[in-house]
Amino acid sequence: SGYTLSYSPTSFNFNAGSGSSTLTITNPDRYNLSISSNQSWLTVSPTATTNASQNVTLSYANNSSSDRSATITITNNSRSKTHTINASQAGYLFRVEPSSLEFASGGSTEIIMIFEGNNFNWEVTSYPSWLTPNVTTGNTTRSVEFTAPTNGGRPERTGTITVKDKVFNIDYSISVTQKSGYAFSVSPTSA
């Protein structure tokens, strides 16, 4: 009979966050198979089978660096054949700009941009009480507006906005300032 081993899918593309996926092997002649990965960030389970149908779990770790790749190998020990499956994982894409904001003393709205390429959940976890954001959570690239009222007090006020990437638990800080809107004058200036 012909060669009957097949598998699906024939390639994998993972995002930067950790997770798992399934490789399905169809093995009607019950060949003695070994399954392996050539990279430590990608593991396979089980690593051997003679089942007619076998789901193999591929588990991949967080990638906090650039794009990377791995090769999954199915070795047919009964027929001395090997099959290779390419797997790639996207690099970490998350940043917040700018690193600081300055609000007008009379009140203003300023914007930060959250750039997010992996559909990671993010959250604005803290900000000064005198600021009001228009949104505090998301999972895509977007702008976040912060509105400050007039600063009628004497001192300049400062604070920090914190945005957390909730997959890698990385905090990004934006320093904020607002000049004092307090004005003091004496009139007339001479008697």
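Two strands pair if DSSP finds at least two bridges between them. The structure described here is a predicted model. In this model, β13 and β17 run antiparallel and are joined by four bridges. Within this pairing, Val124 stands opposite Val163 in β17.

Five strands form an open sheet, ordered β11-β18-β17-β13-β15. Its pairing is mixed. The edges are taken by β11 (100-103) and β15 (137-138). Each edge strand has a single partner strand, so one side of each is left without a neighbour in the sheet.

Salt bridges were examined next. Side chains of opposite charge can pair when their charged atoms come close. The cut-off applied is 4 Å between a side-chain nitrogen of Lys or Arg and a carboxyl oxygen of Asp or Glu. By this rule, the count comes to four salt bridges.

Glu123 has a relative accessibility of 26% and so counts as partly exposed. Lys166, at 42%, also counts as partly exposed.

A second salt bridge joins Glu156 and Lys179. Their closest N and O atoms are 3.2 Å apart. Glu156 sits in the loop between β16 (142-148) and β17, and Lys179 in the segment after β18, so the pair ties together parts that are 23 residues apart in sequence. The relative accessible area of Glu156 is 38%, which means that the residue is partly exposed. Lys179 is partly exposed because its relative accessibility is 41%.

Another salt bridge is formed by the side chains of Arg95 and Glu97. The N to O distance here is 2.9 Å. Glu97 is partly exposed because its relative accessible area is 36%.

Conventions:
Residues numbered from 1 in each chain as written. Predicted model: local features only at pLDDT ≥ 70, side-chain atom pairs only at ≥ 80, totals over all residues. Heavy atoms only, no water. Buried < 20%, exposed > 50% of the residue type's maximum accessible area, 1.4 Å probe, protein only. Helix = DSSP H or I, 4+ residues; strand = E, 2+ residues; numbered from the N terminus.
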